[in-house]
Amino acid sequence: MSKLRASLRRQKEEKKVCFVFSSQRRFFFGIFPTDNMSLLRNFRFIINLVIAASSVVLLKKRNQRKRKRAAHWVHPYLAERKSKGRYATDFDDMVSGEKFFKENFHMSKNSFDQLFKLVEKDLAPKRNTRPKDGIPPKLKLGLVIEYLASGGLQRHLASCYRVSKQHMGSIIDQVCDAICRALSAYVADPCQESFLDVANGFNSRWNFPNCIGAIDGKHVSIKAPPNAGSIFYNYKGFHSLALMAICDASYRFTYLDVGAYGSEGDCNIFKESKFGTDVLHDRLDFPENATVNGVKLPFFYVADDAFPLCKRIIKPYSKKNLSAEERIFNYRLSRARRCIENAFGLLCSKWACLKKTLYCSPDRAQKIISACCQCWETREYSLKTANSLASMSCTA
């Protein structure tokens, strides 16, 4: 502003500007050029002066604005959470009846308690700043588990538990992160012993030796992100996040890759992942070749035609006019590969949110998918193992 005033004073002394005044948001300028001042300089000066004056008016209007004061610090409907919310009125009754608890949360009461022990520290507030109307950790876990199991609207569940819809999103992020941290730490890394256990399961259950897992991908529908274009638009005709997984003969996931764009294919997702590059370049700690019917064969994964064929990935024959041996091989391979299809079906039947469109950002959708894969019925053994190891570490 000081520079502008100095410029006006200098122009006025040279009699290049006669007057500058404002009237009802309109500015008027009187310009009297001299012989030493061209028309172009006069025009530039006018433009700069108008911009400066308009910026001053906007700053004054911004300073004059007053923030609307909220009618309530906490809305009366939300303030009655501890007396009339779903957690206060229905949770204890559902605990007493195991059937109703499992219908609403899709897990047993024991599994819920074991999971709560693992995530309680992460869900507890760092500072008890609001002791009267704070949200307890068990309410947060129950709210998110019921959302994952039912797949309902976040706003509806938030109103049932009497939680604000703004806080509902942060609770989902907090609980999903806590579940992933608690359970992923107890998942065994791929090694020869784990590969041999998986291979024995496929051989005894599906009559397919040397198989150490079934690979496939799944698209989870999400709301189209703003300004995303066609990055998340898949070949099926909707926006999605890609889930790449490997399971054993008992439908338990041994590897997960969540968060790839829906427009990418299964082959590209697998090649770009670290695990995929290790498999394609034979860098993992695979067991030594085993003898099958007098022939030494390597251990491998089974996949469909979308994946590349290599030493560690076996695909079915895709040509026509197959021989009897080739048809039998395709039948046995399809039986083994069906495990990953069944695993996805069981996953969606347990966590109904994955069957519907996730109306949230891709980052939050990635956390939801990861938490669902980590915490489903066929992985309850992880909860028991995690709690036993945690109790041993505490006693030690």
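**Close-up 1. Where helix H8 meets helix H9.** Phe112, Asp113, Leu115, Phe116, Val119 and Leu123 of H8 touch Pro137, Lys138, Lys140, Leu141, Gly142 and Ile145 of H9, where contact means heavy atoms within 4.5 Å. Sorted by class, the residues where H8 meets H9 are eight nonpolar, one polar and three charged. Here Ala, Val, Leu, Ile, Met, Phe, Trp, Tyr, Cys and Pro count as nonpolar, Asp, Glu, Lys and Arg as charged, and the others, Gly among them, as polar. Keep in mind that this is a predicted model, in which local features need pLDDT of at least 70 and side-chain atom pairs count only at pLDDT 80 or more, while totals for chains, interfaces and linings use all residues. Residues are numbered from 1 along each chain as its sequence is written, and side-chain values use heavy atoms, with hydrogens and water left out.

**Close-up 2. How H8 and H9 cross.** H8 covers residues 109-123 and H9 covers residues 137-150; their axes come within 9 Å and cross at roughly 120°. That angle is why H8 counts as oblique to H9. For these labels, angles under 35 degrees are roughly parallel, over 145 roughly antiparallel, 65 to 115 roughly perpendicular, and the rest oblique. The axes are lines fitted to C-alpha atoms, for helices over the stretch in contact, and angles run from 0 to 180 degrees between N-to-C directions. Helices (H or I, at least four residues) and strands (E, at least two) are DSSP runs, numbered from the N terminus.

**Close-up 3. Cysteines without a disulfide.** Searching the whole structure turns up zero disulfides, a disulfide being a pair of cysteine sulfur atoms within 2.5 Å. For Cys348, the nearest cysteine sulfur belongs to Cys353 and is 8.6 Å away. Cys372 has its closest cysteine sulfur in Cys353 too, at 3.8 Å, which is too far for a bond. Cys348 is buried, at 8% relative accessibility, and Cys372 is buried as well, at 0%. Buried means under 20% relative accessible area, exposed over 50%, and partly exposed in between (1.4 Å probe, protein chains only).

**Close-up 4. A positive phi at His106.** Look in the loop between helix H7 (98-105) and H8 for His106. Its phi is near 55°, a positive value in a residue other than glycine. His106 is partly exposed, at 22% relative accessibility.

**Close-up 5. A positive phi at Tyr251.** Tyr251 sits in the loop between strand S4 (240-247) and strand S5 (253-261). Tyr251 isn't a glycine, yet its phi is positive, at about 65°. With 15% relative accessibility, Tyr251 counts as buried.
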